[in-house]
Amino acid sequence: MTTESTRETRLPLLPLRNSVLFPASVVPVNVGRPRSVRLIEESFGRDRPTIGVIAQVQPEVEDPTFEQVYTMGTVARVLKVIRLSSGNYSVVLQGIGRMRIVTPHGRDPFMSATVSRIHEPPVRDVEVDALATNLRERARTLLDILPHLPREASAMLDNVQDAGALADSICSHLPIPTDAKQAVLEQLDVRERLRRVSELVKRQSQVYEVKKEISTMVQEEMSRSQREFLLRQQMKTIRRELGEADDDDEVELLRDRIVQADMPSEAEKAARRQLQRMRSMNPAGAEYQVARNYVEWMADLPWSKNAPVRLDVSEARRVLDEDHHGLDKIKRRILEYIAVRKLKSNIRGPILCFVGPPGVGKTSLGRSIARATGRAFVRVALGGVQDEAEIRGHRRTYVGAYPGRILAGLKQAGSKNPVMLLDEVDKLGNDFRGDPASALLEVLDPEQNNAFADHYLEVPFDLSNILFIGTANRMDTIPRPLLDRMEMIELPGYTRDEKIAIAKQFLVPKQLSDHGLTPERLDFTDDGLDLIVDAYTREAGVRNLERRVASVCRHVAVRLASGEDVEQTGDPAYVAEVLGPPRAERQIAEKVARPGVSTGVVWTPGGGDLMFVECTRMPGTGNMHLTGNVGPVMKESVYAAFTYIRARAEKLGLDPEFLKKSDIHIHLPQGAIPKDGPAQGVAVFVALASLLTGFKVRPDVGMSGELTLRGNVLRVTGIKEKSLAAHRAGLKHLLFPARNEPDLDELPEQIRNELEIHLVNRLDEVLPLVLDLPPEPGEVAAQ
């Protein structure tokens, strides 16, 4: 057990900077401060004098007081004193034991104090032996890492048997701060001292392992850089001998490219500034490559290159008709732009956005516009983009920085006036890296985009000559400010006859050519194409139709490649043989109608579709149940229809107490598909009225409209898409709000001829049009 001696001794004190003397340690100390010199000179005549050694709290203090030194120190014996030529002394001290300052006496002519010596008897037990063994192993590991430690340190590990002395000896050799060593000196418990020194040794091993790894990496990098430098010097010499250009010539080549790029003055200054920096850089350095990439980007951009624009209206009409069937509204808008541009050359290009379901030809239409006007075509995919830097570019401070997609597209086009298709603008995202939709506001604003600032270039670039065209499947996900900058043109989809015409005119010839076939090898009949459209596709566009035609072509190509002499007719029998059972069941109205079922027509991002409403009645307590993955807006429409039915029960011929002992369950099939919106209100009202009155809904009638509690039928959207869906499904009658009458002008003539459209203002007008009511008694008698 460690105890402090009751015998107190007065000793001179020698303060040390940046050092702690441990018991049983022998260390040399240089003494040069006046008070310390006087202490050594006074003790010089005695035989191995004993002094107290203490560490300073603040090493920078030249003449410390007792408050600026630690109270715990070491009693030491002066083994040897050597006088140096400068008047200072080199003193060899041997630690004897720990001590604690009890009473300070003064600082003249040197520090002295009464100290209490601490007696430390040897401690031996299982725990102490285990801790000492662990410390020895860790110390040996550290010795292998630190070759600069003295040789006697290794021998000390084997010779020192006392556990406390072992911890002191090891700690005295560790390259750790003074306060850490002082904490070990002040630790009188041997077990805790062993643990603390063991942790210090472990930490030093970890620190030097990391340092060694870093040093190895740096050395390898330096060796590689030196090797590259020597190789480059040799390459320069070889190039000179062969008469080829060296790195200086590369800078001159970049200078020539800057001149040829015909940049604005501000951009040219920025490029030349980076070029000047390259002259003072090592070509093998990373900064040189960054500067080189910047200059190359600046030189590659089409600062003043405008492709000639074709302003022939007749030729543009021919190209558009050659590439696309129908789409008269869009073609007319493009021809209007070309005509106005021909009359006024400095007009800014329109910013169009084609909105429609997949497969209707939005992207290919942009490519046709470029061909019709003689411009280059660039497609910029924006679906899923969440980083603003994808639009504005990355700042050059980042590793691997590059300009945004807009300038990258211009570099690809090679001119500053291409047709740039911004594909899927409705699918832009945003996160902590910024909002790319907001970055597009500057790109698409004609008042700002003449000085678009990309973060990588940091100089303005004129985007006003670009003909921007956006594409989207829906408008409600496009931010309102971005929507305001674009002229929206809807492509709702194709009728059945239009799909067949597109297949004959475009899809079949293209697929025959792509598969190395001729019309003699495979000749599609009209009935064969009819079967593909009706039984194997169900879409607003023609993308799946093209895939099915390609499947038939591949089947013939395999037979032809196998050596068979094929002259196949693509009739319904052969189409069914190749494509197998119908993959897309044609959605038609239920032919066997029953009370409580109505047919609604709805808009979806993939075009129009049918949605059936089913109602049933069962014993209960007057509750209503609603299922089918229904959103909050549609729920409100269902409740409004239910309330209107209850309020008009007597007029509908219903018992006002019809719900007293009944529950009503309303279900919208295809429960895996989320449904929302107010346009199904009329269909729900009709289904409820049919259920409660017992009259069936006519199976050839579809309907869409929002209702109010007062019985008004409000305007809805997507009239063309809904009409196309009704026509595909085989309906004969459509019921729309009277307020949608202006939208009927956009319907194809075939739809208007084959569908009878009824317009209503109030719900009272609906039931006579949709319910299969029995004839009046007078009508039966007249018959």
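**Notes on the predicted model**

1. Let's start with C353, a handy residue for learning to read the numbers. C353 has 0% relative accessibility, so it counts as buried. Keep in mind while you look at it that this is a predicted model.

2. C171 is worth a look next. It also comes out at 0% relative accessibility and therefore counts as buried. And how many disulfides does the count come to? The count is 0, going by how far apart cysteine sulfur atoms sit, with a cut-off of 2.5 Å.

3. Now zoom out to the whole chain. You'll find 26 helices and 24 strands in the protein chain. The radius of gyration is 46 Å, well over the 28 Å that the globule rule gives for 783 residues, so the chain is more spread out than a compact globule. If you'd like dimensions to go with that, the C-alpha trace spans about 150 × 90 × 60 Å along its principal axes.

4. Of the 783 residues, 47% count as buried. The accessible surface comes to about 39,100 Å², and carbon and sulfur atoms account for 49% of that. As for contacts between residues at least 6 apart in sequence, 73% of them join residues at least 24 apart.

5. Which of its residues are buried? They are A316, V319 and L320. These residues cover an arc of only 95 degrees around the axis, which puts them on the same side of helix 10. The general idea is that an α-helix has 3.6 residues a turn, so residues three or four places apart point the same way.

6. Stay with helix 10 and ask what covers its buried residues. The cover includes helix 11 (328–343) and helix 12 (362–373). At the start of helix 10, have a look at D312 too: one of its side-chain oxygens reaches to within 3.1 Å of the backbone nitrogen of S314.

7. Over to T178, which you'll find in helix 5 (residues 178–185). Is T178 buried or exposed? Its relative accessible area is 15%, and since buried means under 20%, T178 is buried. Setting aside neighbours within four places in sequence, T178 is in contact with N18, S19, V20 and A55.

8. Last stop, Q670, in the loop between strand 19 (662–667) and helix 22 (681–693). Q670 has 45% relative accessibility, so it counts as partly exposed. The C-alpha atoms of Q670 and M611 are separated by 8.7 Å, although these residues are 59 residues apart along the chain.

Technical notes:
Residues numbered from 1 in each chain as written. Predicted model: local features only at pLDDT ≥ 70, side-chain atom pairs only at ≥ 80, totals over all residues. Heavy atoms only, no water. Buried < 20%, exposed > 50% of the residue type's maximum accessible area, 1.4 Å probe, protein only. Helix = DSSP H or I, 4+ residues; strand = E, 2+ residues; numbered from the N terminus. Arc of directions from axis to C-beta. Contact = heavy atoms within 4.5 Å. Polar contact = N/O pair within 3.5 Å; in protein donor to acceptor, adjacent residues only side chain to side chain. Rg over C-alpha atoms; globule rule 2.2 N^0.38 Å. Areas by Shrake-Rupley, 256 points an atom, 1.4 Å probe, with all protein chains shown as cover.
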